[in-house]
Amino acid sequence: MSHVYDNIPLKPFKRDKLAVEQKSSSRISTIQNNLKQEDEKKRKGSADFLKSCSAQVQKKTKSKSISEMFFKGQNGVSSEGFGSNDTICAEKSDEDLKKTTTIHSTPTSTLDDGYESSNSTPLVSGKGRTKLSNASSSLIIPCTLRKKDLHVQLEEDEHESFVLSPTSSQAGEVDPDSFTADDNRETWGSNTDFLLSIIGFAVDLANIWRFPYLCYKNGGGAFLIPYTLMLVFGAVPLFYMELILGQFNRQGPISLWRICPLFKGVGFCAVLVAFYVSFYYNVILAWALYYLGSSISAELPWMHCNNSWNTEQCWELRSLNETNRSMSLVLNETLKNSKHTPAFEFFHRAVLEMQWSDGLHEMGYPKWQLVVCLILIYCLLYVSLFKGVKSSGRRTVSVIRKHQLCQFSGKVVWVTATMPYVVLSILLVRGLMLPGALGGISYYLQPELSKLKETQVWVDAAVQIFYSVGAGFGVHLSYASYNTFHNNCYRDCIITTVVNCFTSFFSGFVIFTYLGYMSHKQGVDIKYVATEGPGLVFQVYPEAVATLPGSHLWSVLFFFMLIMLGVDSAMGGLECVITGLMDEFSSFFRQRKYAREIFTLIVILTSFSVALINVTPGGIYMFHLFDTYSAGISLLCSALFEAIAVSWFYGLDRLTQDVEAMLGMKPGIYWRVCWKFISPSFIVCVVMFGLLYHQPLVYNDYSYPNWAEWVGWSLALSSIMMIPLGAIIQLCKTPGSFKERVALSISPVEEHEEIRRSKLVRRFRAKHWFYI
């Protein structure tokens with residue numbers, strides 16, 4: 001039976017090749033002489049010799065390697081006690097011995113995950129035992145190997161032997177067994193699946209509606225300056241850090257904090273933020289599904305003002321001549337408050353039914369059509385999440401991927417991640433053919449540098465880029481934990497960031513193309529056409545699409561694109577919750593049948609129950625409350641303490657070694673300085689400005705009461721308080737004096753035994769804190 005390591009090519013390691021060749025002939029002669037002596041001894045039947053030979057073979061060599069090769073002339077040496085039966089056979093002659101440097105192998109096992117786990121590649125569990133047999137004269141070297149580049153090294157010992165040693169960037173720096181990985185953890189089917197997954201999460205509805213609005217609101221092209229600075233020095237370094245942590249430790253966002261138990265509350269904070277976002281984010285998908293269904297009708301319901309839900313304020317301007325357009329410019333100042341477009345009234349009066357509610361004190365009952373749409377969305381999420389990753393005949397508990405549809409694992413993402421770009425490209429080409437399109441693009445890019453003096457512009461830039469990239473949510477940690485150990489996460493980070501920024505900028509072109517068209521068609525200034533958030537997607541875009549030839553087709557394409565964009569991020573947020581909790585409490589879930597399926601159902605039902613409040617007549621007010629407080633300051637705090645915990649307490653030296661062990665290269669000075677100083681400083685400034693310049697919460701003409709804002713702040717603090725609460729609990733439950741508790745709480749779990757034994761704490765040394 002062939003094995004995974006049959007025929008791995010072997011070559012000299014850490015030696016000059018010429019020097020090895022000069023010594024090889026003399027060493028081979030020595031080996032052959034020993035073989036002849038052993039033949040003579042064997043014929044004499046010397047039991048003492050056998051005992052002596054066995055002792056010499058098992059003698060420890062001077063060099064450090066993962067296994068030792070033992071040999072006996074004219075006798076086979078079995079592989080009992082080793083994880084692999086791979087052997088190297090050498091005849092007595094020089095030519096035959098040289099031929100043994102190449103061995104033929106079979107393809108890699110399907111269980112190989114590239115991570116050196118015990119279920120995929122044989123592990124060295126101890127010294128092998130040698131056994132003499134009556135085989136033909138040969139040199140047999142049993143070896144048990146990790147999946148790495150293997151080399152032959154001639155050891156200078158009293159007894160000559162060949163030793164296989166792995167080439168590892170972590171040699172002498174990071175013990176590969178110093179951390180505990182989940183050997184049964186599944187991996188992505190391919191790197192493309194993982195890459196499209198994190199792109200799908202990063203590129204979401206915020207790229208379509210929020211970025212273009214903020215860009216035009218905060219000085220047009222001038223907004224790109226703070227946006228780019230926050231991207232380069234804030235979001236991207238922390239995004240890369242999350243990929244490193246997840247891939248190296250192979251743990252969810254909570255159990256990952258074995259590297260620094262004092263900050264385990266950061267993981268709970270990230271999970272709560274992701275869970276809170278699901279309360280309102282999935283409602284947007286329900287609205288999009290409702291619009292998609294409404295598009296399949298004889299006439300789009302938001303085209304005219306002759307519907308039952310329209311009021312006298314509904315105003316159609318579709319066939320204005322130049323005189324009427326000039327007259328309408330006079331109405332610009334009063335248009336915003338006195339007139340409504342058909343799309344505006346369809347969204348607020350037909351979909352949301354806001355006319356039946358005056359505020360949070362009068363919520364009303366859920367609208368059954370939206371409830372049905374919400375149920376369909378959550379059913380889609382459950383079907384995509386409950387099974388986990390690929391099925392390979394083994395049942396695992398901690399399995400994850402946000403877009404699994406039973407046996408079609410990893411395939412859904414090809415549609416969900418690429419469809420938006422196809423639809424956006426089609427809409428952009430069509431929009432550029434419309435009158436007024438260039439005027440909209442000009443307004444979008446026109447720089448107004450005076451806006452950079454306003455603090456709110458910088459706060460908006462920071463919140464937008466962190467929310468868009470997804471740093472601090474814990475989702476990227478979860479996804480990266482299912483990578484193979486040597487996956488190039490640096491490349492994935494750069495590609496995802498470029499795609500995310502391109503999508504935001506590109507969607508701005510698409511939207512402002514239609515805004516310019518609407519401004520030209522209605523004869524109003526563009527500043528009264530563009531609105532924020534749901535208003536931009538569910539009011540302006542439907543109004544623009546309704547004026548196009550074949551409007552039904554364009555409408556279906558657009559809202560289908562919204563669902564494709566949103567479903568990736570919706571799955572990612574809930575996966576963070578499921579994976580984080582199941583990894584943290586794995587001992588509980590592992591003992592129960594169908595644990596993954598049942599727990600996923602519980603999470604889905606809980607999120608759905610809270611989301612129902614957003615589909616009531618007063619639900620839009622609660623929606624805006626969730627949107628403001630669920631992932632604002634709390635998301636930034638999660639990212640801030642994550643950066644502090646890893647770069648200061650876990651240590652940049654350890655993080656650098658982790659990166660080198662995975663990628664074979666150390667992170668540059670830019671990454672290290674950003675992780676330790678620049679990124680945390682940026683976040684602290686943004687949080688302080690956000691608190692000092694906080695504005696009262698308002699939606700349209702409705703001002704939220706004080707108690708509502710207290711509810712919002714309580715929601716935000718409930719996740720933030722997990723960080724100090726987790727630290728207090730960790731200090732209390734750790735045994736020992738206060739100094740020992742602190743030492744153990746800020747050190748990785750793998751170092752605790754050594755700290756208790758030697759009383760030496762590397763994090764109490766100045767070198768640890770000042771390393772860059």
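Is the crossing of α16 and α17 left-handed or right-handed? The views below, taken from a predicted model, start with that crossing.

**View 1. Helices α16 and α17 pack against each other at an angle of about 60 degrees.** Helix α16 covers residues 489-522 and helix α17 covers residues 534-546, and their axes are 9 Å apart. Because of that angle, α16 is oblique to α17. The crossing of the two helices is left-handed.

**View 2. Residues of α16 meet residues of α17.** On the α16 side, the residues are Val 510, Ile 511, Tyr 514, Leu 515, Tyr 517, Met 518 and Gln 522. On the α17 side, they are Leu 536, Val 540, Tyr 541, Glu 543 and Ala 544. Sorted by class, this contact has 10 nonpolar, 1 polar and 1 charged residues.

**View 3. Phe 473 sits in the largest nonpolar core, which has 185 residues.** Trp 287 and Phe 473 touch the most other members of this core. Helix α7, residues 264-295, gives the most to the core, with 20 residues. Leaving out residues up to four places away in sequence, Phe 473 touches Phe 201, Glu 242, Ala 270, Val 273, Ala 274, Val 277, Tyr 467, Cys 576, Ala 631 and Leu 635.

**View 4. Ile 284 lies in helix α7.** Its relative accessibility is 3%, so Ile 284 counts as buried, the limit being under 20%. Apart from neighbours within four places in sequence, Ile 284 is in contact with Leu 205, Trp 209, Phe 538 and Phe 623. Ile 284 and Phe 538 are 254 residues apart along the chain, and their C-alpha atoms are separated by 9.7 Å.

Definitions and conventions:
Residues are numbered from 1 along each chain as its sequence is written. This is a predicted model: local features need pLDDT of at least 70, side-chain atom pairs count only at pLDDT 80 or more; totals for chains, interfaces and linings use all residues. Side-chain values use heavy atoms; hydrogens and water are left out. A nonpolar core is a set of buried Ala, Val, Leu, Ile, Met, Phe, Trp, Tyr and Cys residues joined through side-chain atoms within 4.5 Å. Buried means under 20% relative accessible area, exposed over 50%, partly exposed in between (1.4 Å probe, protein chains only). Helices (H or I, at least four residues) and strands (E, at least two) are DSSP runs, numbered from the N terminus. Contact means heavy atoms within 4.5 Å. Axes are lines fitted to C-alpha atoms, for helices over the stretch in contact, and angles run from 0 to 180 degrees between N-to-C directions. Angles under 35 degrees count as roughly parallel, over 145 as roughly antiparallel, 65 to 115 as roughly perpendicular and the rest as oblique. A crossing is left-handed if the near helix is turned anticlockwise from the far one by less than a right angle, and right-handed if clockwise. Ala, Val, Leu, Ile, Met, Phe, Trp, Tyr, Cys and Pro count as nonpolar, Asp, Glu, Lys and Arg as charged, and the others, Gly among them, as polar.
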